[in-house]
Amino acid sequence: MAQHTLRIANCHGPIAILTGNLCCIYCESQAGILATDRAEAAMLAVDRARYCHEADPYLDRPRKIGYNVTISAPHMHAYALSILSEQLFDGARALDVGSGSGYLSACMAFMVGPRGRVIGIEHIPELIEISTRNIREDCSHFLKDGRLKFVGMYVATKNQTDLCPPTV
């Protein structure tokens, strides 16, 4: 798998080599996209590679997660979390519509803390399974303490007569 790498140097030579999630977050921060410390802490705590299973998950572009759906580019998550920083305070409640892989929901759950709650809504049942597995493997305490939950919202097509209620 290719490794996302950034070499930082000054006139005296190399200072640091950043790879993976740290490199991704550093680039978003330096570009001014990741604009709050709380958003940065969330993106550092929740590793995108656990939610994007393609090679080099840190590339700043949308990536396929299956079922004709993508995980947004890291800069989009950085913008969203930065803009929502004041609303995602300790103990807040949040809703992530179209929760996909669960990455943004996990970042939100980090930001609202153990007293907060995040609900991820997804209309593709298989993505609910994938996002739940991703969280279980990365931040299982978010599920155990009830901080994060995924629910399904299924919409009837014109050929269906019954709406399936959300799974809870």
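Predicted model: local features only at pLDDT ≥ 70, side-chain atom pairs only at ≥ 80, totals over all residues.
Visitor: How many strands does the open sheet have, and in which order do they lie?

Guide: Strands of a sheet pair through backbone hydrogen bonds, in either a parallel or an antiparallel manner. Here the open sheet has three strands in the order 5-6-7, and the pairing is parallel. Strand 5 (93-97) and strand 7 (148-152) are the edge strands, each pairing on one side only. From one strand to the next, the twist averages 20°.

Visitor: How many bridges join strand 5 to strand 6, and which residue is the bridge partner of A94?

Guide: Strand 5 and strand 6 (residues 117-122) run parallel and are joined by five bridges. A94 has V118 as its bridge partner in strand 6, and L95 has I119.

Visitor: Which helices pack on the sheet?

Guide: Helix 4 (residues 103-112) packs on the sheet and touches strand 5, strand 6 and strand 7. The direction of helix 4 makes about 170° with that of strand 6. Helix 5 (residues 125-138) also packs on the sheet, touching strand 6 and strand 7. For helix 5 the angle is about 170° with the direction of strand 7.

Visitor: Why is helix 4 described as largely enclosed by the rest of the structure?

Guide: Nine of the ten residues of helix 4 are buried, so the helix is largely enclosed by the rest of the structure. Among the buried residues are Y103, L104, C107, M108 and M111. After helix 4 comes G113, which has a positive phi, near 75°.

Visitor: Which residues form a nonpolar patch on the surface?

Guide: M76, Y79, I83 and L84 form the patch, and together they have about 390 Å² of accessible area. Y79 lies in helix 3 (residues 74-84).

Visitor: Is Y79 buried, partly exposed or exposed?

Guide: The relative accessible area of Y79 is 40%, so Y79 counts as partly exposed. The class lies between buried, under 20%, and exposed, over 50%.

How values were computed
Residues numbered from 1 in each chain as written. Heavy atoms only, no water. Patch = residues over 30% accessible without salt bridge, like charges linked within 9 Å, V, L, I, M, F, W, Y side chains within 5 Å. Areas by Shrake-Rupley, 256 points an atom, 1.4 Å probe, with all protein chains shown as cover. Salt bridge = Lys/Arg side-chain N within 4 Å of Asp/Glu carboxyl O. Helix = DSSP H or I, 4+ residues; strand = E, 2+ residues; numbered from the N terminus. Buried < 20%, exposed > 50% of the residue type's maximum accessible area, 1.4 Å probe, protein only. Pairing = 2+ DSSP bridges. Axes fitted to C-alpha atoms, helices over the stretch in contact; angles between N-to-C directions. Contact = heavy atoms within 4.5 Å.
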